[in-house]
Amino acid sequence: MKTQFGENIHTSASTSDALFNYSLPSSRRPQIDNSDHTANELFLEPVEVHVADARLLKQSPLLDIQGFECISHQADVNDLGRSPEADDRYRGEMASLMLELTGADEVKISPRIIIRRQLPPAPGEVKHAPTANFVHSDYSVAGAEQAQNVLYEPVPRDEIRRVAMFNMWRLLSPGPTDRPLALCDARSVEQKDIIAGDSHFPALKKQFETALIQFNPQHKWFYYPKLNSAELLVFKQSDTDTDRPRVVPHTAFEDRSCRAAALRISVESRCMAVWYA
């Protein structure tokens, strides 16, 4: 079997049917509250889609083609979310990795790492964010520039040639998980698929424009069903270079083919890569 873009993929056990929560157009603008996700105002519809095992592609997905990539990477994840020192150590590891991976002149890591878990924490556990079970991209094109001012220190604009923003996602619980992350090939996404919404950070008194996604049957979805904590998913959030992938919709979903999996706990960190003139 070949995908829309010509990659060869085996059909035996290569796809999983899943329900993805896409956004519906609405007269009201979608809202995401990052301090209390029960306060989100989203307009969603479940759509059954096919999700292919990315490892079965003849050529592995790449950041500069599909907009995402899976790499082998060991990191010290002890005490993440519990110790500021552990968080800073991990952020430093991610900064070094992304400098090498992107070839950027400078990489700025977001000051906050995000721990997500499939179920709410038990009493006494560290407060974590829920899994994001709806199709989205973290920023719209306009929101990416706004987010740079919210999440990162300013950079001298007149010296910049290119800015790209990335998400680095890793399992902390034993893999595989029955609530994995699915990633959409950026080449299958059209501008008309994007519904602009607002992502709020009440503690910072800041917000930026985010991108919710409406269903398009041309979307090509992939995941890594046997992912483990020694691997890292890196995917694009935005890019000022219009010749490169810019929007990679993604979502957590229920993998019906996965049996007896541990409840998912994952960590994600975000960065801005800068290339100077």
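**Ground rules.** The model is predicted, so I kept in mind that local features need pLDDT of at least 70 and that side-chain atom pairs count only at pLDDT 80 or more, while totals for chains, interfaces and linings use all residues. Residues are numbered from 1 along each chain as its sequence is written, and side-chain values use heavy atoms, with hydrogens and water left out.

**Entry 1, aromatic pairs.** I looked up the ring pairs and found seven. Rings of Phe, Tyr and Trp (its six-membered ring) pair if their centres lie within 6.5 Å; planes under 30 degrees apart count as stacked, over 60 as edge-to-face and the rest as tilted. I took Phe-20 and Phe-253 to begin with: the centres are 5.3 Å apart and the planes at 55°, a tilted pair. Phe-20 lies in strand 1 (residues 15-23) and Phe-253 in the loop between strand 15 (250-252) and strand 16 (265-276), so the pair ties together parts 233 residues apart in sequence. Strands here are DSSP runs of E, at least two residues, numbered from the N terminus. Both Phe-20 and Phe-253 are buried (under 20% relative accessible area; exposed is over 50%, partly exposed in between, with a 1.4 Å probe and protein chains only).

I then checked Tyr-22 against Phe-215: with centres 5.2 Å apart and planes at 80°, the pair is edge-to-face. Tyr-22 is also in strand 1, whereas Phe-215 is in the loop between strand 12 (206-213) and strand 13 (221-223), so this pair joins parts 193 residues apart in sequence. Tyr-22 is buried at 0% relative accessible area, but Phe-215 is partly exposed at 36%.

The charged end of Arg-162 sits over the ring of Trp-275, 3.9 Å from its centre (NZ of Lys or CZ of Arg within 6 Å of the ring centre and within 35 degrees of the ring normal).

I found Ser-199 in strand 11 (residues 194-201), buried at 5% relative accessibility. Its side chain makes a polar contact of 2.8 Å with that of Asn-34 (N or O atoms within 3.5 Å; within protein, one must be able to donate a hydrogen and the other to accept it, and residues adjacent in sequence count only if both atoms are side-chain atoms). Leaving aside neighbours within four places in sequence, the contacts of Ser-199 (heavy atoms within 4.5 Å) include Ile-32, Lys-206 and Phe-208.

Methods:
Helices (H or I, at least four residues) and strands (E, at least two) are DSSP runs, numbered from the N terminus.
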